[in-house]
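Here is a short briefing to keep beside you while you look through the model.

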Amino acid sequence: MGTHNCSALTNCINIPGSYECHCKPGYYGNGIECSPCPENFYSFNDTTCISCPQDSTSLLASTSIIDCKCTSFNHYP
């Protein structure tokens, strides 16, 4: 019915008698306000961003650890 107050960066989910707002993949927040995960981070869930592993990087609003790409190769003797 469009009566929710979810952000455009969220998924609005209907539940009996109400709704829930969840940030879209790549974003974090409380569902009403969402922000993109910064560069070198990826979204773990709709409330948390996690840093990419050492020697890897990602773009703004990355959605998964798969988005973390190696920045250098490790050479072993």
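Cys34 is buried, as its relative accessible area is 11%. Its partner is Cys23, with the two sulfur atoms 2.1 Å apart in a disulfide. Please keep in mind that this is a predicted model; the protein averages a pLDDT of 88, and 90% of the residues score at least 70.

**The Cys23–Cys34 disulfide**
- Cys23 sits in strand 2 and Cys34 in strand 4 (residues 34-36), so this pair links distant parts of the chain, 11 residues apart.
- Cys23 has a relative accessibility of 6% and therefore counts as buried.
- The torsion about the S-S bond of Cys23 and Cys34 is about -85°, which means the disulfide is left-handed.

**Other disulfides**
- The count comes to 4 disulfides, and with bonded cysteines counted along the chain they follow the pattern 1-2, 3-4, 5-6, 7-8.
- Cys6 and Cys21 are joined by a disulfide with their sulfur atoms 1.8 Å apart. Cys6 lies in the segment before strand 1 and Cys21 in strand 2 (residues 18-23), and the pair links distant parts of the chain, 15 residues apart.
- Both Cys6 and Cys21 are buried, and their disulfide is left-handed because the torsion about the S-S bond is about -80°.
- Cys37 and Cys49 form a disulfide with an S to S distance of 1.9 Å. Cys37 is in the loop between strand 4 and strand 5 while Cys49 is in strand 6, so the pair ties together parts that are 12 residues apart in sequence.
- Cys37 and Cys49 are both buried, and a torsion of about -80° about their S-S bond makes this disulfide left-handed.

- Cys12 is partly exposed, with a relative accessible area of 34%.
- For Cys70, the closest cysteine sulfur is in Cys68, 9.6 Å away, which is too far for a bond. Cys70 is exposed, with a relative accessible area of 63%.

**Strands 5 and 6**
- Strand 5 (residues 41-45) and strand 6 run antiparallel and are joined by 4 bridges. They form a hairpin, with 2 residues between them.
- Across this pairing, Asn45 stands opposite Thr48, and Ser43 stands opposite Cys49, the cysteine that is bonded to Cys37.

- A polar atom of the Thr10 side chain lies 2.6 Å from the backbone oxygen of Ser7.
- Leaving aside neighbours within four places in sequence, Thr10 is in contact with residues including Cys21, Cys23 and Cys34. His22, Lys24 and Gly31 are also among its contacts on that basis.

**Loop residues with positive phi**
- Asp55 is in the loop between strand 6 and strand 7 (56-57). Its phi is near 65°, a positive value in a residue other than glycine, and at 33% relative accessibility Asp55 counts as partly exposed.
- Ala61 is in the loop between strand 7 and strand 8 (69-70). Phi of Ala61 is near 65°, a positive value in a residue other than glycine.

Methods
Residues are numbered from 1 along each chain as its sequence is written. This is a predicted model: local features need pLDDT of at least 70, side-chain atom pairs count only at pLDDT 80 or more; totals for chains, interfaces and linings use all residues. Side-chain values use heavy atoms; hydrogens and water are left out. pLDDT is the predictor's confidence in each residue, from 0 to 100. Two strands pair if DSSP finds at least two bridges between them. A polar contact is a pair of N or O atoms within 3.5 Å; within protein, one must be able to donate a hydrogen and the other to accept it, and residues adjacent in sequence count only if both atoms are side-chain atoms. Contact means heavy atoms within 4.5 Å. Buried means under 20% relative accessible area, exposed over 50%, partly exposed in between (1.4 Å probe, protein chains only). A disulfide is a pair of cysteine sulfur atoms within 2.5 Å.
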